[in-house]
Amino acid sequence: MSYILVIINAIVVALMAVYINVNERRFHEMSTSHDRTGQYIENMVRNLTVDISDDIRRISDEQIAEKGQYIENMVRNLTVDISDDIRRISDEQIAEKVQNIENVVRILTVGISDDIRRISNEQIAEKGKKKNGFLVRLKGSLENQPKGSDVIYDDVITNDGVGYNPSTGIFTASDEGLYSFSWTTTTQGHKNFFTYLAVNGNMIARNHAQSDTLNSSASQTVVVHLKTHDKVNIKVHDDYVGLFILSEGWSTFSGFMI
């Protein structure tokens, strides 16, 4: 709208300028008596033209400035609103992301801490356990051992944890847990030596060594769960006398905690 007003006013000024030029020529053609009047009119028109031009420029500049200010205010307000929305959305999204990360870290930290504590407790418990394991054999061969008697392996090779007693032939568990035991019996030809492994006097597994001609060996392995102070040993079969069991490393008894 302001540009249209400027154009219209410019056309008016141009027409007035044409009018002035025409009248100037007419005034020059008049007699000298009218020169002073013509000059006066020319000055009036010039002054009027200047005033009108100034008004046009002032109005145009004010309107343009007003429109520019209005547009500038609109853009500023829109920018502020958009910036506020962006900051609000960004802050909310960042806060949500940070909270999610904190939750994940917290869960991982708790899980890792629990694992560390559990592993540490297991390691402490494991360290606290004594290493129980033994391997024993006979110093000399045994003959005619009574039914149900204890076989005493009196030559100790290994006895970690000192669970085995070479005087009685009995192993005593110092910790509850899973244990493995093995024993081998070797007898002469035409002899036999039947044995079994007992836990607290109760038969768990048997071993049958017998030969009609040559020496014979028999081996057995068991895995049992023992409580603290449970006792394990090898005994002669309750129904048979132990005729002969060979020493020199041929007959052994061993066990350890798994």
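**Entry 1. Salt bridges**

I began with K235, which counts as buried at 15% relative accessibility; buried means under 20% relative accessible area, exposed over 50%, and partly exposed in between, with a 1.4 Å probe and protein chains only. The model is predicted: local features need pLDDT of at least 70, side-chain atom pairs count only at pLDDT 80 or more, and totals for chains, interfaces and linings use all residues. Residues are numbered from 1 along each chain as its sequence is written, and side-chain values use heavy atoms, with hydrogens and water left out.

I searched the whole structure for salt bridges and found 2, a salt bridge being a side-chain nitrogen of Lys or Arg within 4 Å of a carboxyl oxygen of Asp or Glu. K235 forms one with D150, the closest N and O atoms being 2.6 Å apart. This pair links distant parts of the chain, 85 residues apart: D150 is in the loop between β2 (142-145) and β3, and K235 is in strand β10 (residues 231-236). Strands (E, at least two residues) are DSSP runs numbered from the N terminus. D150 is partly exposed, at 30% relative accessibility.

I then looked up R137 and D155, whose side chains meet in a salt bridge at 2.7 Å, N to O. R137 lies in strand β1 (residues 133-137) and D155 in strand β3 (residues 155-160), so the pair ties together parts 18 residues apart in sequence. R137 is partly exposed, with a relative accessible area of 32%.

**Entry 2. The sheet**

I traced an open sheet of 5 strands in the order β3-β1-β12-β6-β9, with antiparallel pairing; two strands pair if DSSP finds at least two bridges between them. β3 and β9 stand at the edges with a single partner strand each, so one side of each has no neighbour in the sheet. I noted that β6 and β12 pair in the antiparallel sense over 6 bridges. The bridge partner of Y179 in β12 is M257.

T185 is buried, with a relative accessible area of 0%. Beyond four places in sequence, T185 touches residues including F193, N207 and I245, contact meaning heavy atoms within 4.5 Å.

Notes
Helix = DSSP H or I, 4+ residues; strand = E, 2+ residues; numbered from the N terminus.
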